[in-house]
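Have the structure open as you read.

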Amino acid sequence: MTDLDQTGLSRLGLHVELGGKMVPFAGYEMPVQYPMGVLREHLHCRSQTGLFDVSHMGQVILRPRGSMEALCLAFEALMPVDVLRLAAGRQRYGMFTNETGGILDDLMFANRGDHLFVVVNAGCKAADIAHMQAHLSAVAEVIPVTDRALIAVQGPGAEAALSTLVPVQGMRFMDSAILPSGMGDLWVSRSGYTGEDGFEVSVENRHAEAFVRHLLALPGVAPIGLGARDSLRLEAGLCLYGHDIDTTTSPVEAGLTWAIQKSRRTGGARQGGFPGAARILRELAEGPERLRVGLRPEGRAPMREGTLLFDPDGTPLGEVTSGGFGPSVEAPIAMGYVAASHAAPGTALLGEVRGKRLPAAVVPLPFQPTTYKR
Amino acid sequence: MKYTAEHEWLRVEGDLIVVGITEHAATALGDVVFIELPEVETMVTSGDEVAVIESVKAASDILAPVDGEIVAVNDKLVDHPGLVNEDPMGAAWFFKIRVDDLAVLDEFMDEDEYNELIG
């Protein structure tokens, strides 16, 4: 093996036992696929239940030194997102922005009553923790959670599978709960990265193997690797940090305005006051110069990341940031940035694949209807 | 049957060489989702990129293993790229090349040598 960091399950050798093909990812040794293969794993998650080890992601607790309100307001100062009015037991999507309105990372955070629980991307984990320590230490303890695995259970069978351990039937999309179980407290949120109904479960490392083995023994539950995780999230139109969003893309350009609540916009109760507010509020008012869009190549050739996009006259429009084959839509799909003038669904454009400019059309996202339990 | 270091197999059929990719290559690529084939009657030189194969993971080039003329391509692969995973050594041949002299095959690996390469 390598000197890569290993998550709880990798260290246990469980992925290898399951036949996982291990690859380095964000400094971790992770399974890119299992013997089922990317295509069938993808379709299995859409039709039954997929289990994903996402323990490489960063789990962080923000525990207020004083009031929750002071912590929420300080956390809000890092994001164009309403933290203060997030109800206890609820989770929300957010993104750290920089002074120029770009995105440092996207994340999930939950109000757990007397503290916040944050989940960030593996590749940004160290920088995110430093960022939070630099800006929140006066109002909160920033506590990286290092003794827990993170397991996603996704697909139409996810509720039935997880219900064998904890009562999750009453939870709805983006609910967050701490549920006692025979395997210690499970930190459960009804969310995911596939477009399917499902859950993300933080479980103590010492119970992680039993937890995973229990679920995999249930009918219809199969392990899913990073390959299918990527095609599932692409079909669901979800951004991958470092590809579809980065320090140069604003949340408005990225089409993430749904995550910017009214309270943080111009005229809102706590307008602005986050890094890059000048650009982000201006783009909200006037529209951005470019936008993230869905793309459907007309032929069968996938348009992958880096594919240059042109209008039919040959004017450069932007490029693909994620692209591949969508197993459920049974066609090549892509996302990318184009000039705002060419972002309307139905717009015809060209993508340059191996020197040839092939036709594609702008289409609405997601490619695959989501099945969240709202 | 002969094999190249680029994981192609070469089979003699009359005066033609039939080219496909090995089972080892198909497994390594994973599920194939797109194939682009050369035009028939194209003259190719050994090492030319003549076809493209894309799996769920990545795109790869298929190189012409020898100098010659492409005289047939397997159009079935365009609509059913998954055939490469189902039957890489048989039904999923890519193209047929006419060469001046079949003796060019002598320079390629036999099955034992290829198995040693991938072993």
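The second largest pocket holds about 290 Å³ of space. A pocket here is an open set of points on a 1 Å grid over the protein atoms alone, with protein on both sides within 12 Å along at least five of seven lines, while a cavity is a set of points where a 1.4 Å probe fits but cannot get out; lining residues have an atom within 4 Å of a point. Points are joined across faces, edges and corners, and a volume is the space filled by probe spheres set on them.

Some housekeeping: this is a predicted model, where local features need pLDDT of at least 70 and side-chain atom pairs count only at pLDDT 80 or more, though totals for chains, interfaces and linings use all residues. Residues are numbered from 1 along each chain as its sequence is written, chains are lettered from A and ligands numbered from 1 in the order in which they are written, and side-chain values use heavy atoms, with hydrogens and water left out.

Back to that pocket: 16 residues line it, and A:L39, A:R300, A:F325, B:V32 and B:G82 lie nearest its centre. Two or more lining residues come from each of α3 (38–47) of chain A and β4 (32–36) and α3 (83–86) of chain B. Helices (H or I, at least four residues) and strands (E, at least two) are DSSP runs, numbered from the N terminus. The top contributor is α3(B), with three residues. By class, the lining has eight nonpolar, three polar and five charged residues. For these classes, Ala, Val, Leu, Ile, Met, Phe, Trp, Tyr, Cys and Pro are nonpolar, Asp, Glu, Lys and Arg are charged, and the others, Gly among them, are polar.

Now for the cavities: the count is two of 30 Å³ or more.

| Cavity | Volume | Lining by class |
|---|---|---|
| Largest | about 50 Å³ | five nonpolar, one polar, two charged |

A:M30, A:P31, A:F52, A:D53, A:I224, A:G225, A:L226 and A:R229 surround the largest one. Here β2 (28–33), β3 (49–53) and α8 (226–235) of chain A each give two or more residues. Around the second largest cavity sit A:L9, A:H15, A:L18, A:Y34, A:L51, A:F52, A:D53, A:V212 and A:P223, with β3(A) giving the largest share, three residues.

How do the chains meet? The contact (heavy atoms within 4.5 Å) takes 15 residues from chain B and 13 residues from chain A. Between them they bury about 1,200 Å², 49% of it from carbon and sulfur atoms; buried area is the accessible area (1.4 Å probe) that two parts lose on being put together, summed over both. On the chain B side, B:V33, B:F34 and B:K57 lose the most area to chain A, together 38% of what that side buries.

Four salt bridges link chain B and chain A, where a salt bridge is a side-chain nitrogen of Lys or Arg within 4 Å of a carboxyl oxygen of Asp or Glu. One salt bridge pairs A:K356 with B:E36, with the closest N and O atoms 3.1 Å apart. The side of chain B that touches chain A draws at least two residues from each of β4, β6 (49–55) and α2 (76–79) of chain B.

Over all chains, the salt bridges come to 25. One of them joins the side chains of A:K373 and A:E159 (3.4 Å, N to O). A:K373 lies in the segment after β19 (356–363) of chain A and A:E159 in helix α6 (residues 158–162) of chain A, so this pair ties together parts that are 214 residues apart in sequence.
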